[in-house]
Amino acid sequence: MGKKTDTSVRDLLFGDTWEYAPAPQSSDFVDIDDYYGHFIGGEFVESEASFQTINPATEEPITEVGEADEEMVDRAVRAARSAYDNHWSKLDGKERAKYIYRIARMIKEKARDLAVVESIDGGKPIRESRDIDIPLASAHFFYYAGWADKLDYAFPGADVQSLGVAGQIIPWNFPLLMAAWKIAPALATGNTVVIKPAETTPLTAMMLAEIIDEAGLPPGVVNIVNGAGATGAAIVEHDDVDKIAFTGSTAVGKHIQRSVAGTDKKLTLELGGKGANIIFDDASIDQAVEGIVDGIFFNQGHVCCAGSRLLVQENIEDEVLKKLEHRMSSLVVGDPLDKNTDVGAINSREQLERIKELVGAGEAEGAEKFQPGCSIPETGYFFEPTVFTDVTQSHQIAQEEIFGPVLSVLTFRTPDEAIEKANNTAYGLACGVWSDKGSKLFRVAGALKSGVVWGNTYNQFDPGSPFGGYKESGFGREGGAHGLLPYLEVR
Ligand code: NDP
């Protein structure tokens, strides 16, 4: 890494002397149709325009997907309004809970199919879609099923009312999980939904449509429309939508905020991040190295709360970097369907180009690049795990969200300097603090302008725990009892 390394630092044996045999997850049992349209009013409908969804690990088209225009979006909103007025808003909380609970159960039953399709469509390692995305998606439905008949207890003494039709727009990094984060609290609070999955990852949302259909949810309570940005904009701009929930880039979030200004639409935005993972010299270094790797290389770094800035105390920089470099050399990059893969495919060619562009900016600004030399498949959108040292606060790679497996390393000397540097960003979504001293950890965590702060761990998620940002990372919370509020009028 161009740093003077301390040769007394003991190597960690992370299994890098092992050769892994291929361990492919079979996908033969998964049925992917030749075409997916939209799910509106309880029916699967087609549209004239369509686009292809691509397997990012092979660059091969998987299937054709319908593209909803304004008329189709209007049809979905009308179906949602009718379901809200005539049925869903009048249903008892405990009856709503039964449907939500059934969806949770069915996601569990179809977990393996969903995990395989998630990895084929999005490029994430099967280990992650199987063990994290799909179980958490199901857990969100279970969790919010539990709230549906307890809203009066969530806000004691207040009168709580559902809002009506919720328009929801989700990104491609956790496709089914983001759908669950949005749909489960909306249903629990008595709202109906029109949701748009991201253009590059529509498939598990359509499998969810099949689950919702099979679960017997009344027609129109959940409507799913596919398409690109224009379809999302049509939802945002529709007059009969009462609430918008968006997860995605800060640029599009700002655009949405401008377009709902002056209307009575409620809005929650979950946007980008540039999370700082702060390692103090009294931390357990070996554990912290695992946390650094998980913080930035989980899901190829396509994580809004990724620990994409490593802030390491200056006196342990050499030791941490040496161990990190060693650990990175054991990362398996490649086929998302191989159970040994740590880092899968970048979600799209467009995202790969953006990562390359920002890595180029890091090099041009004088930061030093390290890549471990992992073998990478020749076809598919792959990017080697990368670490930049000699990064300064003003570098583009220290300020902008790269949304890829690229870590920027900065150093600090005192806790106050760490806090100052961690907060010196337009974002405020997530941070990690590693220290053996509880008092230091809590003091630093309390001073960070960040929606989530993990202590001696990173990227831990639970449906009972609220998630959301400060500053340009957005506003509103998802998860926990806090996640009910954006879908309710509380008087
Ligand atoms: P976007 O913000 O463009 O996409 C998020 C969702 O919004 C998608 O469903 C997208 O549709 C939709 N959308 C796009 N334009 C509009 C619009 N004008 N009105 C309503 N909805 C719209 O993210 P990108 O996919 O372009 O990724 C770009 C960058 O954003 C990434 O490099 C990353 O830095 C950041 N990002 C952050 C995420 C987060 O969780 N914080 C998630 C995704 C991206 P479609 O995909 O079909 O175009």
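The structure is a predicted model, in which local features need pLDDT of at least 70 and side-chain atom pairs count only at pLDDT 80 or more, while totals for chains, interfaces and linings use all residues. Residues are numbered from 1 along each chain as its sequence is written, and side-chain values use heavy atoms, with hydrogens and water left out.

Burial is described by relative accessible area: buried means under 20%, exposed over 50%, and partly exposed in between (1.4 Å probe, protein chains only). Lys440 counts as partly exposed because its relative accessibility is 22%. Lys440 and Ile279 are separated by 161 residues in sequence, yet their C-alpha atoms are 12 Å apart in space.

Two helices may be considered next. The expected span of a helix is 1.5 Å times one less than its number of residues. Helix 1 (residues 70-86) has 17 residues and should therefore span 24 Å, which agrees with the 24 Å between its end C-alpha atoms. Its buried residues are Met72, Val73, Ala76, Val77, Ala79, Ala80, Arg81, Ala83 and Tyr84. An α-helix has 3.6 residues a turn, so residues three or four places apart point the same way. Helix 3 is mostly covered, with 9 of its 12 residues buried; among them are Leu114, Val116, Glu118 and Asp121.

Charged side chains provide a further set of contacts. Side chains of opposite charge can pair when their charged atoms come close. A salt bridge is defined as a side-chain nitrogen of Lys or Arg within 4 Å of a carboxyl oxygen of Asp or Glu, and a search of the whole structure finds 21 of them.

Asp286 is partly exposed at 26% relative accessibility, whereas Lys323 is buried at 7%. Elsewhere, salt bridges that share partners join Arg81, Asp240 and Asp242 into one network.

Backbone geometry draws attention to two residues. Gln300, a residue other than glycine, has a positive phi near 60°. Gln300 is located in the loop between helix 10 and strand 13 (309-313) and counts as buried because its relative accessibility is 0%. Asp390 is not a glycine either, and its phi is positive at about 55°. Asp390 occupies the loop between strand 15 (386-389) and helix 13 (396-399), where it is partly exposed at 36% relative accessibility.

Methods
Helices (H or I, at least four residues) and strands (E, at least two) are DSSP runs, numbered from the N terminus.
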